[in-house]
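Dear colleague,

Please find below the structure that I am handing over to you. My notes on what was found in it follow directly after.

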Amino acid sequence: MQKRFFIFFLLLIFVLSGQRLVGQLSGNYTIGGTTSSTNFATWSDFTSAVSGSGVSGNLYVTVASNLSVSSVVQFVQNTSNPTSSTKKIYINGNGKSITANLSYEVIWLNGIDYLEIKNLKVINSSSSTLVQGIRFSNGANYNVMDSCTIEFSG
C-alpha cells in the first residue's frame with residue numbers, strides 16, 4: 001500500500017510541476033503558448049519529444065506564435081519509433097516565425113526523414129560567414145520545405 005501511495009505521490013508532483021509524460025506522438029499538436037497535453041511551449045520541447053519518443057502515426061503541428069530560440073532546433077530520428085512514409089510529421093508554420101542569432105543553422109534536420117514544414121519564416125540574424133537557415137545532414141531524406149521564407153544575413 002505504501003509503495004502505491006508513493007508512486008501516486010510522485011506522479012502527482014510530476015503532473016503539478018507542469019511536465020508531462022510523453023509517449024509516441026501522433027495526432028494534432030501546437031507549438032507556442034502554455035505547455036499542455038497537446039501544446040509544446042517551445043521548439044526545444046517539441047524536438048525533444050520527437051527525438052526521445054518518436055511517432056506512432058502522422059503528426060500534425062501548428063505553430064501558434066512567433067518564437068525566438070537561443071540554440072539550434074535539432075530534429076533527430078528516433079531509432080525505436082521513427083518517422084516513415086506512413087508516419088510523417090507535418091508542421092504548419094501558419095505564417096509565424098522562428099528567430100535566432102546563431103553562428104550556424106536555426107533548424108537542423110539531423111537524420112530525420114518524412115518531415116514537412118510549410119509556411120514558416122526562419123530568421124537567423126547572425127553576421128557569421130557560416131550562418132544558415134536550415135541544414136540537412138546524416139541521411140535526412142524525404143523532407144519538404146514548402147512556402148517557407150528563410151532569411152540570414154551572413
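A charge is taken to sit over a ring if NZ of Lys or CZ of Arg is within 6 Å of the ring centre and within 35 degrees of the ring normal. Arg 135 meets this description, lying over the face of Trp 108 at 4.0 Å from the ring centre.

The model is predicted: local features need pLDDT of at least 70, side-chain atom pairs count only at pLDDT 80 or more, and totals for chains, interfaces and linings use all residues. Residues are numbered from 1 along each chain as its sequence is written, and side-chain values use heavy atoms, with hydrogens and water left out.

Nonpolar core

A nonpolar core is a set of buried Ala, Val, Leu, Ile, Met, Phe, Trp, Tyr and Cys residues joined through side-chain atoms within 4.5 Å. Buried means under 20% relative accessible area, exposed over 50%, and partly exposed in between (1.4 Å probe, protein chains only). The largest such core has 31 residues, and those with the most contacts inside it are Trp 43, Phe 46, Phe 75, Ile 91 and Ile 107. Among the elements that give two or more residues to this core are strand S1 (25–31), helix H2 (43–53) and strand S5 (73–76); helices (H or I, at least four residues) and strands (E, at least two) are DSSP runs, numbered from the N terminus. With contact meaning heavy atoms within 4.5 Å, and not counting residues up to four places away in sequence, Phe 75 touches residues including Trp 43, Phe 46, Ile 91, Ile 107 and Trp 108.

Aromatic pairs

The structure holds five aromatic pairs. Rings of Phe, Tyr and Trp (its six-membered ring) pair if their centres lie within 6.5 Å; planes under 30 degrees apart count as stacked, over 60 as edge-to-face and the rest as tilted. One of the pairs, Tyr 29 with Phe 40, is tilted, at 5.6 Å centre to centre and 35 degrees between the planes. Tyr 29 lies in strand S1 and Phe 40 in strand S2 (residues 39–40), so this pair ties together parts that are 11 residues apart in sequence. Both Tyr 29 and Phe 40 are buried. The rings of Tyr 60 and Tyr 90 have centres 5.2 Å apart and planes at 5 degrees, so they are stacked. Ring pairs also link Tyr 29, Phe 40, Phe 46 and Phe 75 into a cluster.

Backbone

Asn 138 has a positive phi of about 55 degrees although it is not a glycine. Asn 138 is exposed, with a relative accessible area of 58%.

With kind regards
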